[in-house]
Amino acid sequence: MPGPTNAAELRRLTLRNGVAVAPSVLACDFGHLADEIAAIEAAGATVLHLDIMDGHFVPNLSIGVPVVQAIRRLTDLPLDVHLMLDNPADYVEPFRKAGADNLTVHAEVLPDPRPLLDRIRSLGATAGLSINPPTPVEVLEPVIEAADLVLIMSVMPGFGGQAFDPVALDKLRWLSDHPRCEAVLEVDGGVNEETIAACAKAGAELLVAGTAVFGAEDYAERMAELARLAEAGADGA
Ligand SMILES: O=C(CO)[C@H](O)[C@H](O)COP(=O)(O)O
Ligand SMILES: [Fe+2]
């Protein structure tokens with residue numbers, strides 16, 4: 001299946017009723033990766049969120065190119081790859097070749113993100129731009145049209161299972177209200193049954209959830225519950 005090349009295609013491929021829960025594979029049982037991917041797909045996932053950490057930009061290491069390649073062979077779902085790297089420019093091509101459909105890079109390491117976002121698009125993927133909780137949303141103003149996706153972090157990146165930081169909600173509202181922002185809005189970190197509706201209400205469309213999904217006994221039940229809460233939140237917006 002061809003992957004998305006712009007925000008509209010990314011929405012069409014992933015969103016249902018305006019929202020999608022994007023399971024963060026970081027929280028799965030890597031000892032049974034193939035079973036976990038099959039189970040989360042059967043549970044209704046329309047997209048997978050893959051966290052790449054370099055031990056520099058964030059104080060943790062996670063998966064690299066070979067694991068993304070392996071996941072690509074296991075599923076046709078769009079792969080939303082979150083690059084938590086000091087030097088993302090060195091890695092967008094290998095991760096695209098490995099099967100990434102969306103590549104998100106962090107504004108904190110890019111004085112001008114535009115050239116790298118353009119390069120990601122030239123590789124045939126959608127281009128995402130992310131900011132951490134302490135980074136003001138206004139840094140996105142000059143590049144708002146260059147991103148297909150904006151990822152608002154609601155935890156300091158590096159680890160799953162952290163508490164949601166509501167600073168993300170004001171940023172999502174700022175982006176939703178911005179006349180020139182057409183990017184898919186995504187939120188990541190501490191998204192669960194308590195926080196997901198507020199995220200969707202503030203404008204988040206892709207709701208990344210790791211612990212809340214893979215920590216559940218029944219993935220399908222939890223995915224459906226989170227989607228229901230997100231849809232209700234979005235309806236109340
Ligand atoms: O980017 C990330 C961490 O840096 C993860 O996507 C995020 O933490 C998801 O995990 P959880 O839903 O458990 O918070
Ligand atoms: Fe992430």
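**Group meeting: the ligand site, the helices and the core**

Of the 22 residues around ligand 1, those that come nearest are Ser24, Pro157, Gly160, Gly210 and Thr211. A residue is near a molecule here if its C-beta atom, placed from the backbone, lies within 6 Å of it. This is a predicted model, in which local features need pLDDT of at least 70 and side-chain atom pairs count only at pLDDT 80 or more, while totals for chains, interfaces and linings use all residues. Residues are numbered from 1 along each chain as its sequence is written, and chains are lettered from A and ligands numbered from 1 in the order in which they are written.

The shell around ligand 1 divides into nine nonpolar, 11 polar and two charged residues. In this count Ala, Val, Leu, Ile, Met, Phe, Trp, Tyr, Cys and Pro are nonpolar, Asp, Glu, Lys and Arg are charged, and the others, Gly among them, are polar. Strand E2 (48–53), strand E8 and helix H8 (211–214) each supply at least two residues of that shell. Helices (H or I, at least four residues) and strands (E, at least two) are DSSP runs, numbered from the N terminus.

I turn next to the core. Which residues have the most contacts inside the largest nonpolar core? They are Val21, Leu103, Cys199, Leu207 and Ala230, in a core of 79 residues. The largest share of this core, seven residues, comes from helix H9 (residues 219–235). A nonpolar core is a set of buried Ala, Val, Leu, Ile, Met, Phe, Trp, Tyr and Cys residues joined through C-beta atoms within 7 Å. A residue is buried if 20 or more other C-beta atoms lie within 10 Å of its own, exposed if 12 or fewer, and partly exposed in between, with C-beta atoms placed from the backbone.

Ala230 touches Val19, Val21, Ile196, Ala197, Ala200 and Leu207, not counting residues up to four places away in sequence. Two residues are in contact if their C-beta atoms, placed from the backbone, lie within 7 Å.

The buried residues of H9 are Tyr219, Arg222, Met223, Leu226, Ala227, Leu229, Ala230, Gly233 and Ala234. They cover an arc of only 165 degrees around the axis, which puts them on the same side of H9. The arc is that of the directions from the helix axis to the C-beta atoms. Among the elements covering these buried residues are strand E1, helix H2 (33–42), helix H7 (196–201), E8 and H8. At 1.5 Å a residue, the 17 residues of H9 should span 24 Å, and its end C-alpha atoms are 24 Å apart, which agrees. The expected span is 1.5 Å times one less than the number of residues.

Two further helices deserve mention. In helix H1 (residues 7–14), Ala7, Leu10 and Thr14 are buried. They cover an arc of only 60 degrees around the axis, which puts them on the same side of H1. The face turned away from that buried side carries the exposed residues Ala8 and Arg12. Strands against which the buried residues of H1 pack include E1 (20–23), E4 (102–106) and E5 (126–131).

In helix H5 (residues 114–122), the buried residues are Leu116, Leu117 and Ile120. Seen down the axis of H5, they fall within an arc of 100 degrees, so they line one face of the helix. On the other side of H5, Pro115, Asp118 and Ser122 are exposed. The buried residues of H5 pack against helix H4 (92–98), E4 and E5.

I close with some single residues. Leaving aside neighbours within four places in sequence, His106 is in contact with Phe57, Met84 and Ser130.

Leu185 lies in strand E7 and is buried, with 23 other C-beta atoms within 10 Å. The C-alpha atoms of Leu185 and Ala200, 15 residues apart along the chain, are separated by 9.5 Å.

His56 sits in the loop between E2 and helix H3 (65–74). With 12 C-beta neighbours inside 10 Å, His56 counts as exposed.

Asn17 lies in the loop between H1 and E1 and is exposed, with 11 other C-beta atoms within 10 Å. Although Asn17 is not a glycine, its phi is positive, about 55 degrees. Most residues other than glycine have a negative phi.
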